[in-house]
Amino acid sequence: MFFGINNFWTYVIGALLIILLPGPNSLYVLSYAAQNGVRQGYRAAAGVFIGDTVLMFLTAAGAASLLRSNPLLFTIVKYAGAGYLAWIGFQMIRGAWRSRKATGEEKPQVKMERQPRPFRKALVISLLNPKAILFFVSFFVQFVDPGYATPALSFLILGAIIQVFSFLYLTALIFGGTYLAGQFSRHRKLSAGLTSGVGALFLGFGAKLATSSLG
């Protein structure tokens, strides 16, 4: 046991694999960085970091037990999150199709949609991310020994590990998305198609959250 953490290396491997799975957090940061550049991409990433930190704090404070013992509360949370993710997906698809239908006389636009307040939007997406909710509530807590004298230290170490992985992964997405945006900047239909695809994935994430359970 390592500072009250059971199966430490199992957690490290599991956390890495979970971070690499596509989710609304990473897709939003990728698409926003591709549309608005590296600096704005990190603004969105900051929202993800804060959102994940809040979820970790709530998990450590007992939110997992609260959600498990109150099915109605979990139902409210998951349907609110599902609706928000689906709304973002719909907005992205609508923006992409508006750009694709633009007349040839208009100046080509790389940005499918001007998305204000990327930090706030990314923060809300992070708090309603089905992958993050199920990870922290069902997976994260299993590695903390309830008998350890200072479980807060255990949660802090586990949280730091997941945040380091998240930072490295989002950094790769930000620079990768910015590079790809430059390559596709002259291909409006392709850009619109990619944005529509991301929007469709957000609709899928909303559906996944709406049908999820804590097990």
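This is a predicted model: local features need pLDDT of at least 70, side-chain atom pairs count only at pLDDT 80 or more; totals for chains, interfaces and linings use all residues.
The model's local features need pLDDT of at least 70, side-chain atom pairs count only at pLDDT 80 or more, and totals for chains, interfaces and linings use all residues. Numbering starts from 1 along each chain as its sequence is written, and side-chain values use heavy atoms, leaving out hydrogens and water.

The protein has 9 helices and 0 strands. Both are DSSP runs numbered from the N terminus: helices are H or I with at least four residues, strands E with at least two. Of the 215 residues, 46% are buried, that is, under 20% relative accessible area with a 1.4 Å probe, protein chains only.

Start at Gly159. It lies in helix α8, residues 151-184. Gly159 is buried, at 7% relative accessible area. Its C-alpha is 7.5 Å from that of Thr53, 106 residues away in sequence. Beyond neighbours within four places in sequence, Gly159 contacts Tyr11, Met56 and Phe140.

Tyr11 and Phe140 lead on to the largest nonpolar core, where they are among the residues with the most contacts. A nonpolar core is a set of buried Ala, Val, Leu, Ile, Met, Phe, Trp, Tyr and Cys residues joined through side-chain atoms within 4.5 Å. Ile161 touches Phe8, Tyr11 and Val12, not counting residues up to four places away in sequence. Apart from this core lies another, of 14 residues, including Ala33 and Ile125.

Methods:
Buried means under 20% relative accessible area, exposed over 50%, partly exposed in between (1.4 Å probe, protein chains only). Contact means heavy atoms within 4.5 Å.
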